[in-house]
Amino acid sequence: MSLDELATLTDEQLEELRIAAATEQEKRARMRQVPLDIAASAKRFVEDGGDPEEIRAALTDTLPTPDEST
């Protein structure tokens, strides 16, 4: 869709597009931030005396294996 086509949309269609765009932007922001948050939390955990293997195990148990993600 080109920006010129926006003028042809109804108010309801524009609102749906706005919501879809905002939702996608929020998802992309989360996808950038979550790995940073996980790394910072893991660092604090280890600095507080936690076993790094617990973090590895938690991630391994949580993340899909390559054949599960397809």
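Biologist: In which helix do Glu47 and Lys43 lie, and how many residues apart are they?
Modeller: Both are in helix H1, four residues apart, which is about one turn of the helix. Helices here are DSSP runs of H or I with at least four residues, strands are runs of E with at least two, and both are numbered from the N terminus. Please note that this is a predicted model: local features need pLDDT of at least 70, side-chain atom pairs count only at pLDDT 80 or more, and totals for chains, interfaces and linings use all residues. Residues are numbered from 1 along each chain as its sequence is written, and side-chain values use heavy atoms, with hydrogens and water left out.

Biologist: What do the side chains of Glu47 and Lys43 form, and how far apart are the closest N and O atoms?
Modeller: They form a salt bridge, with 2.8 Å between the closest N and O atoms. The term requires a side-chain nitrogen of Lys or Arg within 4 Å of a carboxyl oxygen of Asp or Glu.

Biologist: Are Glu47 and Lys43 buried or exposed?
Modeller: Glu47 is exposed, and Lys43 is too. Buried means under 20% relative accessible area, exposed means over 50%, and partly exposed lies in between, with a 1.4 Å probe and protein chains only.

Biologist: How many salt bridges does the whole structure have?
Modeller: A search of the whole structure gives five. Among them, Arg18 and Glu15 meet at 2.6 Å, N to O. Those two are three residues apart in helix H1, so about one helical turn separates them. Arg18 is partly exposed at 49% relative accessibility, and Glu15 is partly exposed at 35%.

Biologist: And which residue does Glu53 pair with?
Modeller: Glu53 forms a salt bridge with Arg56, the closest N and O atoms being 2.8 Å apart. Both belong to helix H2, residues 52–62, and because they are three residues apart, about one helical turn lies between them. Glu53 counts as partly exposed at 46%, as does Arg56 at 48%.

Biologist: Which residues are linked in a network?
Modeller: Glu24, Lys27 and Arg28 are linked in a network of salt bridges.

Biologist: Changing topic: which residues make the nonpolar surface patch?
Modeller: Val34, Ile38, Leu59 and Leu63 make a patch of about 320 Å². Patches are made of residues with over 30% relative accessible area and no salt bridge; like charges are joined within 9 Å, and nonpolar side chains (Val, Leu, Ile, Met, Phe, Trp, Tyr) within 5 Å. Val34 is located in helix H1, residues 11–47, and is partly exposed at 40%.

Biologist: What of the overall fold; how many helices and strands are there?
Modeller: The chain has two helices and zero strands. Its radius of gyration is 20 Å, well over the 11 Å that the globule rule gives for 70 residues, so the chain is more spread out than a compact globule. That radius is taken over C-alpha atoms, and the rule is 2.2 Å times the number of residues to the power 0.38. The C-alpha atoms fill a box of roughly 60 × 30 × 20 Å along the principal axes.

Biologist: What share of the residues is buried?
Modeller: Buried residues make up 3% of the 70 in the chain.

Key:
Accessible areas come from the Shrake-Rupley method with a 1.4 Å probe; for residues, only the protein chains shown count as cover.
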